[in-house]
Amino acid sequence: MKKLGFIALLFLVFVSCKTQNNKVENKEVKTEVVTEEVISKVVSQDEFKQLMSSLPNYQLIDVRTPEEIAEGKIDGALEMNFYDSNFKEQLAQLDKEKPVLVYCRSGNRSGKAAKLMNEMGFKQVYDLIGGYSEWK
């Protein structure tokens, strides 16, 4: 009887460890992390546009360089150069409770910025896949 209990306990520990590993693997994919407290999602241009029209009080952030922004940007976007030495301090000025829509040129910097914002405690972050170069 004790052996049966011990085997059952080992099984539960194994299943628990397996479940935790799966959760970590999902976060590494970075396409979508949704919990009760945090939403971090890479979205298409259509989804991004829908979020812009449906989310109240969102914060739209362009993390490209001034030279890139000079070629055009999405109306209403706040300009925060990802390469500025005070980039993190600029992000800290935003409201962590309001949704953030972020984009860059191709999606690389905005993905890094979204990850940083999640680490800083932002509740909703949406990253535009393909960035401004794919914006229509």
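User: Where is Asp127 found, and why does Asp127 count as buried or exposed?

Analyst: Asp127 is found in strand E6, residues 124-128. Helices (H or I, at least four residues) and strands (E, at least two) are DSSP runs, numbered from the N terminus. Buried means under 20% relative accessible area, exposed over 50%, and partly exposed in between, with a 1.4 Å probe and protein chains only. The relative accessibility of Asp127 is 6%, so Asp127 counts as buried. The model is predicted: local features need pLDDT of at least 70, side-chain atom pairs count only at pLDDT 80 or more, and totals for chains, interfaces and linings use all residues. Residues are numbered from 1 along each chain as its sequence is written, and side-chain values use heavy atoms, with hydrogens and water left out.

User: Which residues does Asp127 touch?

Analyst: Contact means heavy atoms within 4.5 Å. Not counting residues up to four places away in sequence, Asp127 touches Lys41, Val42, Val43, Val102, Gly107, Ser110, Gly111 and Ala114.

User: What makes Lys73 partly exposed?

Analyst: Lys73 has a relative accessible area of 28%, and is therefore partly exposed. Its place is in the loop between helix H3 (66-69) and strand E4 (78-79).

User: Which polar contact joins the side chains of Lys73 and Glu79?

Analyst: A polar contact is a pair of N or O atoms within 3.5 Å; within protein, one must be able to donate a hydrogen and the other to accept it, and residues adjacent in sequence count only if both atoms are side-chain atoms. The side chains of Lys73 and Glu79 are joined by such a contact of 2.9 Å. A polar atom of the Lys73 side chain also lies 2.9 Å from the backbone oxygen of Ala77.

User: How far apart are Lys73 and Tyr132 in sequence and in space?

Analyst: Lys73 and Tyr132 are 59 residues apart in sequence, and 7.3 Å apart in space from C-alpha to C-alpha. Leaving aside neighbours within four places in sequence, Lys73 is in contact with Tyr132, and also with Asp62, Arg64, Glu79 and Tyr103.

User: What is said to sit over the ring of Tyr132?

Analyst: A charge sits over a ring if NZ of Lys or CZ of Arg is within 6 Å of the ring centre and within 35 degrees of the ring normal. The charged end of Arg64 sits over the ring of Tyr132, 4.3 Å from its centre. Lys49 lies over the face of Trp135, at 5.1 Å from the ring centre.

User: Why is the pair of Phe82 and Tyr83 given its name?

Analyst: Rings of Phe, Tyr and Trp (its six-membered ring) pair if their centres lie within 6.5 Å; planes under 30 degrees apart count as stacked, over 60 as edge-to-face and the rest as tilted. The structure holds 5 aromatic pairs. The ring centres of Phe82 and Tyr83 are 5.7 Å apart and the planes are at 80°, so this pair is edge-to-face. Tyr83 has a relative accessible area of 56% and is therefore exposed.

User: How many bridges join E3 to E5?

Analyst: Two strands pair if DSSP finds at least two bridges between them. E3 and E5, which run parallel, are joined by 4 bridges, and Ile61 stands opposite Val102 in E5. E3 and E4 also run parallel, with 2 bridges; there Asp62 stands opposite Glu79 in E4.
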